[in-house]
Amino acid sequence: MRIVAIVRRELRLHDNPLWSGHAEHEIIPVFILDEFNQQEHGNNLKSLFFAAVHHLRSALSQIGGRLYCIHERQQEQFFAQVRPDVVRWCLDWEPHSRQRDACLQRCLQRLQIRTETLAESFLVELPDKPYYLFTRYFQSYWNPRLAQASTSLQPAPKTLRTPSIAFPEIELPRPESLALRFWHSDESQVRQTWQKYVRQHLASYEQRRNFLHPGDSSQMSAYIRCGLISIRQLYRDARDVSATYTQELAWRDFHIQLLYHHPEITELELRQDWQRFPWSRDEQVFQRWCTGQTGIPIVDAGMRQLLSEGWLPNRVRMIVASFLTKQLGLDWRWGERHFYTHLVDADLAQNVANWQWCAGCGADAAPYFRVFNPWLQTKKFDPEGSYIRRYIPELRQVPTAALCDPQRLREYQVDYPPPIVDVDQARKEYLTRVKRFLGRP
Ligand SMILES: Cc1cc2nc3c(=O)[nH]c(=O)nc-3n(C[C@H](O)[C@H](O)[C@H](O)COP(=O)(O)OP(=O)(O)OC[C@H]3O[C@@H](n4cnc5c(N)ncnc54)[C@H](O)[C@@H]3O)c2cc1C
């Protein structure tokens with residue numbers, strides 16, 4: 001049998017269902033360049049993604065395979081020429097991907113070619129109806145299904161039989177970005193990084209995950225996004241070591257099912273009572289947030305890390321998102337788009353759902369009255385100020401106590417802006433606005 005395997009987000013040999021049946025069948029891996037994603041994705045994600053495609057291409061050629069690279073405009077012609085028995089690909093839940101798949105299905109139907117879709121990048125298949133409460137999803141859906149689901153791992157194929165096909169291929173993009181300095185694009189290096197994390201840090205994940213040093217969390221999100229490591233591998237290695245870690249993987253699945261059932265949440269607040277909330281649209285304030293010039297050190301450190309490395313820890317994501325939506329009152333969609341453009345792990349479901357969670361308008365969201373105080377968050381999660389000093393050189397000489405106290409920070413003559421808002425005052429104003437809008441006492 002001749003199988004075409006469309007490579008999308010699963011850029012690895014190990015534990016990849018795209019290669020199943022490789023011992024008996026011809027497998028023709030193909031990467032189809034999608035214009036929409038080219039426009040939509042930021043450079044950090046694209047540079048890691050395409051570096052990983054290049055690695056996969058050479059890994060495949062080392063085992064006798066070949067990755068064909070074509071443009072989406074060429075796909076019908078490609079399938080018509082190759083005439084496979086089956087075309088397979090892994091399901092993707094994003095609204096654009098679903099439209100693209102429907103179009104592909106129609107094309108293959110016209111050509112009378114069978115299709116096979118694989119559920120690959122989540123641990124538990126999507127529920128028929130959406131869940132809005134994480135605890136209920138976790139206890140009554142995710143956990144029981146995971147107990148039944150197979151999490152066995154498929155080894156990487158040692159050989160692959162790909163026939164030689166004369167077809168005009170395209171040159172793949174090779175975008176450069178700073179993020180490539182911080183992230184691996186080769187699956188074997190990624191697996192080593194993960195194994196090292198498991199050996200050295202996973203057992204203390206629950207205690208450390210909110211702190212801000214490398215090693216306090218696994219830093220696997222970009223690799224999950226590009227399929228450089230299998231989600232089942234992470235689950236299997238973590239399940240007996242850290243229940244908290246596997247619960248984070250459940251949050252990921254929870255967000256996927258939300259976007260699947262509510263594709264409109266990329267634009268609209270999930271909670272209807274929040275739709276039409278009068279978010280501020282102050283461009284200048286937004287620019288100061290984006291560039292790390294708000295005068296609140298923990299916020300600025302996070303935003304500068306995002307610009308320089310394409311990543312920031314979850315705790316800091318929550319602090320900067322809460323600050324943007326609550327103390328600055330800006331539209332969560334602006335923050336979401338900025339993150340999406342710069343994150344190396346940019347993932348529509350995770351980004352939108354987390355932004356709505358932070359803004360208080362999403363599923364199981366942080367209640368509107370839970371407003372982080374960034375100065376107190378600094379005291380708790382960056383007690384020595386080392387995270388702030390790493391990303392804000394202007395503050396390197398300032399004593400730690402001043403990094404979490406606006407009055408004391410003002411005493412130092414440094415080239416750093418004063419706070420853009422008084423956070424307590426801004427919190428009060430925000431709460432008044434929300435209560436008025438939602439009609440709460
Ligand atoms: C405003 C905001 C935007 C975000 N945008 C994205 C995004 O675009 N892409 C993305 O992958 N994650 C996003 N997250 C979730 C989370 O911050 C990252 O997954 C995490 O920081 C990645 O670091 P890690 O791999 O070290 O996580 P770890 O703490 O080591 O967790 C392990 C894995 O669990 C999953 N996970 C952890 N926390 C979450 C969470 N809150 N929601 C969903 N899955 C989670 C991730 O797959 C992560 O790699 C966002 C969070 C916030 C608050």
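1. The ligand lies between two domains, because domain 2 (122–153 + 188–261) and domain 3 (268–438) both give residues to the shell around it. The domain bounds come from an automatic or database domain assignment. This is a predicted model, in which local features need pLDDT of at least 70 and side-chain atom pairs count only at pLDDT 80 or more, while totals for chains, interfaces and linings use all residues. Residues are numbered from 1 along each chain as its sequence is written.

2. The ligand is surrounded by 28 residues, a residue being near a molecule if its C-beta atom, placed from the backbone, lies within 6 Å of it. Ser217, Ser218, Ser221, Asn351 and Asn354 are the closest. Two or more residues of the shell come from each of α8 (221–225), α10 (243–261), α13 (314–327) and α15 (348–359). Helices (H or I, at least four residues) and strands (E, at least two) are DSSP runs, numbered from the N terminus. By class, the shell comprises 12 nonpolar, nine polar and seven charged residues; Ala, Val, Leu, Ile, Met, Phe, Trp, Tyr, Cys and Pro count as nonpolar, Asp, Glu, Lys and Arg as charged, and the others, Gly among them, as polar.

3. Helix α15 also packs against α14 (residues 332–342), at an angle of about 145 degrees and with the axes 10 Å apart. Axes are lines fitted to C-alpha atoms, for helices over the stretch in contact, and angles run from 0 to 180 degrees between N-to-C directions. In this contact, Trp332, Gly335, Glu336, Phe339 and Tyr340 of α14 meet Asn351, Val352, Trp355, Gln356 and Ala359 of α15; residues are in contact if their C-beta atoms, placed from the backbone, lie within 7 Å. The classes here are six nonpolar, three polar and one charged.

4. The protein is divided into domain 1 (2–120) and the two domains named above. The C-alpha centres of domain 1 and domain 2 are 25 Å apart. Across their interface, 12 residues of domain 1 are in contact with 13 residues of domain 2. The domain 1 side of it has six nonpolar, one polar and five charged residues.

5. An open, parallel sheet is formed by five strands in the order β3-β2-β1-β4-β5; two strands pair if DSSP finds at least two bridges between them. At the edges are β3 (68–71) and β5 (114–118), each pairing on one side only. Neighbouring strands are turned by 30 degrees against each other on average, direction ignored.

6. Within this sheet, β1 (residues 2–7) is joined to β2 (residues 26–33) by six bridges, with Ile3 partnering Ile27. Four bridges link β1 to β4 (residues 86–90), where Ala5 stands opposite Arg88.

Notes. Two residues are in contact if their C-beta atoms, placed from the backbone, lie within 7 Å.
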